[in-house]
Amino acid sequence: MRPLSFDAITIDSVNSPAAVENNSSLAVLRLDKIHPAVSGNKIFKLHYYLQEALATKKGILTFGGAYSNHIIATATACQQNNIKAVGIIRGERPAQLSHTLQQAEKLGMQLLFSSREDYRQQKIPAGIDPNDYVVIPEGGYGITGAEGAADISHYIPAGRFTHLLCAVGTGTTLAGLLNSTNVAVTGISVLKGNMGLETMTRSLLADKNKAATILHDYHFGGYAKHTGELIGFMNEFYKRSSIPSDFVYTGKLFYAVEDLLKKDFFPPGSSVLAIHSGGLQGNLSLDKGTLIF
Ligand SMILES: *Cc1c(COP(=O)(O)O)cnc(C)c1O
């Protein structure tokens with residue numbers, strides 16, 4: 001297992017004709033460089049849950065789907081910290097486990113499969129004593145997760161950027177950024193019509209008067225759905241910037257950022273920073289050759 005390297009995080013400027021046209025600049029915070037499999041924002045969101053597990057000598061139990069970046073990040077972090085990890089996985093155990101679940105098992109995570117109904121209620125299976133575990137909701141959602149995500153702002157030099165953008169799944173990362181910076185933050189939802197996200201995000205905000213701006217027009221068909229246009233964009237963006245993206249989160253984020261630049265969403269003279277939240281392991285579920293990176 002490769003160690004996590006927070007020193008590898010950089011801010012890369014992007015050759016973006018859309019930004020130039022708008023008299024603005026575009027850069028990316030490369031949290032994906034921490035580790036090839038462990039997605040950047042997930043490791044931040046886990047931080048204080050891990051501290052709690054270490055302090056109380058408990059295991060960690062959490063929930064996720066077959067391709068979940070959160071499951072792989074939890075399995076990795078628990079392995080590195082010698083914490084017992086249990087993953088409750090949505091649906092029946094398939095004959096062939098996904099890459100993500102195979103990897104999680106290899107890292108020592110115990111996988112327990114849960115019917116869709118039990119999963120929806122985030123039920124803890126019989127035989128597991130919840131008192132033995134720090135229980136993390138699906139995707140690392142929650143106040144503790146937002147506290148960890150707030151630490152992302154340590155990698156963003158104060159005063160250098162006018163606008164931050166991040167991909168939104170549960171809103172935890174967005175809330176963490178809003179709690180820790182005074183810059184305008186815009187979230188790009190990767191889900192179709194999940195209008196509950198604003199409320200979910202707001203409930204994690206320290207200052208309830210802050211606005212959580214979430215845009216809902218860049219889902220490309222819904223969660224983990226993709227189109228030829230999205231894949232084409234991700235390849236073209238890579239050629240221009242040498243920045244790889246994933247089709248579930250960051251591909252949609254970068255597409256959105258450049259589309260917003262084209263539409264003059266940001267005033268001229270803006271310095272825009274998009275947060276690369278990792279997730280590249282998710283691309284393993286695409287056919288070989290789909291992406292050029
Ligand atoms: C989970 C995830 C997100 C979404 O983060 P939330 O805090 O749940 O909104 C964004 N990007 C990547 C790569 C992720 O894995």
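**Helix packing and the ligand site in a predicted model**

Biologist: At roughly what angle do the axes of helix α3 (residues 69-80) and helix α4 (residues 99-106) cross?
Modeller: This is a predicted model. In it, the axes of α3 and α4 come within 9 Å. They cross at roughly 15 degrees.

Biologist: Are α3 and α4 roughly parallel or roughly antiparallel to each other?
Modeller: Angles under 35 degrees count as roughly parallel. The axes of α3 and α4 cross at roughly 15 degrees. The two helices are therefore roughly parallel.

Biologist: Is the crossing of α3 and α4 left-handed or right-handed, and which residues of α4 make the contact?
Modeller: The way α3 passes α4 is a left-handed crossing. On the α3 side, the contact is made by I71, I72 and A75. On the α4 side, it is made by T100, L101, Q103 and A104.

Biologist: How many residues of each class does the contact of α3 with α4 have?
Modeller: No charged residues take part in the contact of α3 with α4. The rest divide into 5 nonpolar and 2 polar.

Biologist: Are α9 and α10 roughly parallel or roughly perpendicular to each other?
Modeller: The axes of α9 (residues 228-241) and α10 (residues 250-262) come within 10 Å and cross at roughly 80 degrees. Angles of 65 to 115 degrees count as roughly perpendicular. α9 and α10 are therefore roughly perpendicular.

Biologist: Which residues of α10 does α9 meet?
Modeller: From α9, the residues in the contact are E229, L230, F233, M234, F237 and R240. In α10 they meet G251, K252, F254, Y255 and E258.

Biologist: How many charged residues does this contact of α9 with α10 have?
Modeller: By class, the contact has 6 nonpolar residues and 1 polar residue. The number of charged residues is 4.

Biologist: What is the orientation of α2 (residues 40-56) to α6 (residues 143-150)?
Modeller: The axes of α2 and α6 come within 6 Å and cross at roughly 120 degrees. That angle makes α2, relative to α6, oblique.

Biologist: Which residues of α6 meet α2, and is the crossing left-handed or right-handed?
Modeller: F44, K45, Y48 and Y49 of α2 meet T144, G145, E147, G148 and A149 of α6. The crossing of these two helices is right-handed.

Biologist: How many Å separate a polar side-chain atom of S277 from a nitrogen atom of the ligand?
Modeller: An oxygen atom of the ligand lies 2.7 Å from an N or O atom in the side chain of T173. For the side chain of N69, an N or O atom is 2.8 Å from a ligand oxygen atom. From a polar side-chain atom of S277 to a nitrogen atom of the ligand, the distance is 2.6 Å.

Methods: Residues numbered from 1 in each chain as written. Predicted model: local features only at pLDDT ≥ 70, side-chain atom pairs only at ≥ 80, totals over all residues. Heavy atoms only, no water. Axes fitted to C-alpha atoms, helices over the stretch in contact; angles between N-to-C directions. Helix = DSSP H or I, 4+ residues; strand = E, 2+ residues; numbered from the N terminus. Parallel < 35°, antiparallel > 145°, perpendicular 65-115°, else oblique. Contact = heavy atoms within 4.5 Å. Nonpolar A, V, L, I, M, F, W, Y, C, P; charged D, E, K, R; others polar. Left-handed = near helix turned anticlockwise from the far one by under 90°. Polar contact = N/O pair within 3.5 Å; in protein donor to acceptor, adjacent residues only side chain to side chain.
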